[in-house]
Amino acid sequence: MTDVRITIEDTSAGTNKNMRIIHIGGQLDESNVDEKIQEIYKLLEANPQNLFLIFDLENLEYMNSKSIGYLTDIYGKITEGGGKVTLAKARPNIADILQVVGLTQLIQSFDSIEAAKAALSS
Amino acid sequence: MFDNPLVLLGISLVCAGIPAFIWLYILFSKNSKSKFVIALVFGLGCLTAPLLLGIQFLSAKYFQFDLGNFIDTSVLTNNTKYIVLGFVLAGAMEEIIKHYAVSSVDKKTILIKTIGDAIRYSLAAALGFSFAENIVYLYQNWAQVSINEFIGMYIYRSVFTTCGHLIYSGIFGYYYGIGKFSIDITKQHQLAGESSKITAFIAKFFSIPLSHAYQQQMVLKGLFIAITIHSFLNFLLQFNVVFPVIISVVLGYVYLQYLLSRKAGHLILSTDISSKRKTSMAKNDEDVVIELLGLWFQEKKYVDVIHICERLLERDPDNNVVKLFKAQASDRMDDKDTYKTILNTILIREKDLSKNDQNIITKYIENKDQIIKSQTTARTTPSITETPEIKKEEDNKKTFTLQL
């Protein structure tokens, strides 16, 4: 299984929103995506309404087609529950893929976590 | 005057030429293909008929096998098995020789650049063959039938026999075209989860690449279908069963027009390597997107597939697999709309499914668009002046629409 790290940071303190940063590092591929993505789905199950998510992609080196499908699905679930999703610090190759797929039309992408937080807090 | 063979030949030539040129006009007048190349293929098609007669003559002389006599004897002795065999052999010879006119030119020049080209040039060759065959037929029967019988035979051969040749060759041409672009098509099929067990078996059995096996399979399939329809219609005609022949020819022609109208058939898949434009996307990243196209194509998210293909083609304009995905998604949507129209005519349903129900990104973008619209309306209603923020949102919205 390829190495991938997903950690969830609660940043609700100081804001009036249920906000989390999901740090993803390594490579999301066929060998690990189905298993690792469940951590995010568990978070969605526990917070079905008004969840505000920032995906920190600074250390994400590679994402496969399935992980793009999951990201789109997560976006749908969160927005249906009244929440919002943003991306932060995506590497050029990842940003390139997301742009071509059309996800950047849906999900705003920022150069820093602070900018992403500010967008979600407004 | 009509006893003069040259005059008879001239009259037969004119009579056979009229329908041939009407068909050429119907099929190629609105087409941008070079008239010279079409004329060349038509001319080669004309030569295939005497070539076939030559082969039959040599076969009768050196192998004591005269196909015409074989069929006539089988009919006289009412031996159905041999009649079928005779027609299959005659059909096979005609189809192979007509196809040779196209494939030989295609191998020397890059004649066929799209699947549609393969069909069109096959039609031109078939018209040439039919033209030459009609000359021989009219010349031989001129003195043997009454004028009324001759007119009936002339109209029948001009319309239905010629149309029959167009159908057999057009279908064979279609499969030849698919086979020619098998490398890209096989890859696209694999990504879309449409791999064939027969192709895999052929590849394994003959130890050849999958795309090569697919090409062989398609050419043989095209030949098989063309021979089957050809023999079947000839068999029916032998016993004067005309009505099913007319129905079959009309249906075949409609099917041929359907094949020609497919968007995937218009794609230019044969590109000169030296003029091929480079992709501006890293190969690994592009592979991820193409893999996603395959997944979403399987899930019938055709609108999303088309949008992704459009963006990807801006980055990699000569990627045939992406072009195929876009054209096929578009074709599937057209088919879906056709079926929907038919179903809606038969069944009046309370709730009709939108084409976007299965699409993800497109659906969400439309939702987002509606939210922005409702927010803008709510914010602009009480206010008389437009704030810069709202103006910016409006501009963003316009960008979305344009990007779609």
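Predicted model: local features only at pLDDT ≥ 70, side-chain atom pairs only at ≥ 80, totals over all residues.
Local features need pLDDT of at least 70 and side-chain atom pairs count only at pLDDT 80 or more, while totals for chains, interfaces and linings use all residues. Residues are numbered from 1 along each chain as its sequence is written, and chains are lettered from A and ligands numbered from 1 in the order in which they are written.

**View 1. Chain B has 15 helices and zero strands.** Helices (H or I, at least four residues) and strands (E, at least two) are DSSP runs, numbered from the N terminus. Of the 404 residues, 35% count as buried. Buried means that 20 or more other C-beta atoms, placed from the backbone, lie within 10 Å of the residue's own.

**View 2. Helix α2 of chain B covers residues 35-62.** Its 28 residues should span 40 Å at 1.5 Å a residue, and its end C-alpha atoms are 40 Å apart, so the two agree. The expected span is 1.5 Å times one less than the number of residues. Just after α2(B), B:Q64 takes a positive phi of about 50 degrees.

**View 3. Helix α2(B) has buried residues, including B:I38, B:F42 and B:L52.** The buried residues of α2(B) pack against α1 (5-28), α4 (80-108) and α5 (115-141) of chain B.

**View 4. Chain B touches chain A through 20 residues, in contact with 16 of chain A.** Contact means C-beta atoms, placed from the backbone, within 7 Å. On this side of chain B, α11(B) gives the most, with six residues.

Methods
Buried ≥ 20, exposed ≤ 12 C-beta atoms within 10 Å, placed from the backbone. Contact = placed C-beta atoms within 7 Å.
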